[in-house]
Amino acid sequence: MLKQKIECEYVAMNEVDWQPLPEGFIRGGGRWKLLHVSPEVGSWTGLFAVSKGASVASHIHVGPGEYFLTRGKLEVRGGAEEGGVTATAPCYGYEASGARHDQTLILEDIEIYLTFQGPIQLIDGEGNTVGVMAWQQAPALWAEQTHQR
Ligand code: ZN
């Protein structure tokens, strides 16, 4: 069965409840709202809120990602002092396909809008794949959390 083309999507974000992010994705407390999935290009978009002191599990951006940090502060790739980025709201960022992020630390409570053009590959310390979050997994998790199955 062919899916109908989506002409547009509209999400009143305050009417969507936050759902917890799995510990395998965020260590130390995070929530998300899935906003959109585009199977035709393999992209997905979400709003994420993560607490100060939390960290994002090591990952590789299999496709590029873009973000708009609307609130807070975080360090990517160890932060500016380590050759990475210290992102302070309001700011925009782009991560190239293949970018590897071993150290993403939340310095102040953040809220961030993210679009991923492809999967996020979660890796362990040796670079082995331990999980994947892509346009297939994100809506499946969302449906499970919001009981939309
Ligand atoms: Zn990243």
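The buried residues of helix H1 pack against strand S1 (19-20), S3, S4 and strand S13 (129-133), where helices (H or I, at least four residues) and strands (E, at least two) are DSSP runs numbered from the N terminus, and contact means heavy atoms within 4.5 Å. This is a predicted model, in which local features need pLDDT of at least 70 and side-chain atom pairs count only at pLDDT 80 or more, while totals for chains, interfaces and linings use all residues. Residues are numbered from 1 along each chain as its sequence is written, and side-chain values use heavy atoms, with hydrogens and water left out.

The buried residues of H1 are Ala138, Leu141, Trp142, Ala143 and Gln145, with buried meaning under 20% relative accessible area, exposed over 50% and partly exposed in between (1.4 Å probe, protein chains only). After H1 comes His147, which has a positive phi near 55°.

A nonpolar core is a set of buried Ala, Val, Leu, Ile, Met, Phe, Trp, Tyr and Cys residues joined through side-chain atoms within 4.5 Å. Here the largest has 29 residues, of which Phe25, Trp32, Trp44, Phe48 and Leu69 touch the most other members, and S11 gives the most to this core, with five residues. Beyond its neighbours within four places in sequence, Leu69 has contacts that include Leu74, Ala87, Pro90, Cys91, Ile110 and Ile112.

Rings of Phe, Tyr and Trp (its six-membered ring) pair if their centres lie within 6.5 Å, and planes under 30 degrees apart count as stacked, over 60 as edge-to-face and the rest as tilted. Trp32 and Phe48 are stacked, at 6.2 Å centre to centre with 25° between the planes, and this pair joins strand S3 to strand S4 across 16 residues of the chain. Trp32 and Trp142 form an edge-to-face pair, because their ring centres are 5.3 Å apart and their planes stand at 85°; this pair links S3 with H1, 110 residues apart. Trp32 is buried, with a relative accessible area of 0%, and Trp142 counts as buried at 8%. Ring pairs link Trp32, Trp44, Phe48, Phe116 and Trp142 into a cluster.

The search finds one cavity of 30 Å³ or more, and the largest cavity has a volume of about 300 Å³. Of the 21 residues that line this cavity, Val56, His59, Thr104, Ile112 and Leu114 lie nearest its centre, and S11 supplies the largest share of the lining, six residues. By class, the cavity lining has 14 nonpolar, five polar and two charged residues.

The largest pocket holds about 270 Å³ of space, and of its twelve lining residues the closest to the centre are Ile6, His36, Val37, Pro39 and Glu40. The pocket lining divides into four nonpolar, three polar and five charged residues.

Key
1 Å grid on protein atoms, 1.4 Å probe; cavity = no way out; pocket = protein on both sides within 12 Å on 5 of 7 lines; lining within 4 Å. Points joined across faces, edges and corners; volume = space filled by probe spheres on them. Nonpolar A, V, L, I, M, F, W, Y, C, P; charged D, E, K, R; others polar.
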